[in-house]
Amino acid sequence: PFDETLIMSEDQQFARDLLNAGFAVVYQPQSAVIHSHHYSLGTAFRRYFDSIYSLTVIFPAQDIKTSAAMGRRYLRREICFILRKHPFYLPYYLLYNLAKTAGALAGHFGAKLPRRMARLMSLHRYYWEDEPN
């Protein structure tokens, strides 16, 4: 069962719980998943705010340094790909990643922000209504 109190990333919580219970999570190479988003810059910020906030709830030991290291590795690989395949997309790509990074940084502090501010930063604003989670 998924944790219904999470803002998102329920699948990661489920996988964490399976691993903690001694089960394995395996990759199925024959499976096909189409997962694509075309977010505006504002929506990318809000999405990453929610995503990182939820991961801080699921994995409390993960800090900003860990996230930053993962982000830098991903960014290096992706910039190389953009430069090779779509060089004219680079200016927008940099803005898009700035929005994602700002949302991710804010998400790390989501629990410490005033609920009203968190609600404004969130893609899932209902989550931040009246009652604390």
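Student: In this predicted model, where does Leu41 lie?

Tutor: Leu41 belongs to helix α2, which covers residues 41-58.

Student: Why is Leu41 called partly exposed?

Tutor: The relative accessible area of Leu41 is 32%. Buried requires under 20% and exposed over 50%, with partly exposed in between; Leu41 is therefore partly exposed.

Student: Which residues make the nonpolar surface patch?

Tutor: Leu41 takes part, together with Tyr89, Tyr92, Leu95 and Leu98, and the patch amounts to about 460 Å². Helix α4, residues 90-108, gives the most to this patch, with 3 residues.

Student: Which residues form the positive surface patch?

Tutor: That patch is formed by Arg72, Arg73, Arg76 and Arg77. Among them, Arg72 is placed in helix α3, residues 64-85.

Student: How do you know whether Arg72 is buried, partly exposed or exposed?

Tutor: Its relative accessibility is 48%. Since exposed begins only over 50% and buried means under 20%, Arg72 counts as partly exposed.

Student: Why is Ser9 classed as buried?

Tutor: Ser9 has 9% relative accessibility. The limit for buried is under 20%, so Ser9 counts as buried.

Student: Where is Ser9 found, and with which residues is Ser9 in contact, leaving aside neighbours within four places in sequence?

Tutor: Ser9 sits in the segment before α1 (10-20). Apart from those sequence neighbours, Ser9 contacts Ser51, Ser54, Leu55 and Ile58.

Conventions: Residues numbered from 1 in each chain as written. Predicted model: local features only at pLDDT ≥ 70, side-chain atom pairs only at ≥ 80, totals over all residues. Heavy atoms only, no water. Patch = residues over 30% accessible without salt bridge, like charges linked within 9 Å, V, L, I, M, F, W, Y side chains within 5 Å. Areas by Shrake-Rupley, 256 points an atom, 1.4 Å probe, with all protein chains shown as cover. Salt bridge = Lys/Arg side-chain N within 4 Å of Asp/Glu carboxyl O. Lys, Arg positive; Asp, Glu negative; His and termini not counted. Charge placed at Lys NZ, Arg CZ, Asp CG, Glu CD. Helix = DSSP H or I, 4+ residues; strand = E, 2+ residues; numbered from the N terminus. Buried < 20%, exposed > 50% of the residue type's maximum accessible area, 1.4 Å probe, protein only. Contact = heavy atoms within 4.5 Å.
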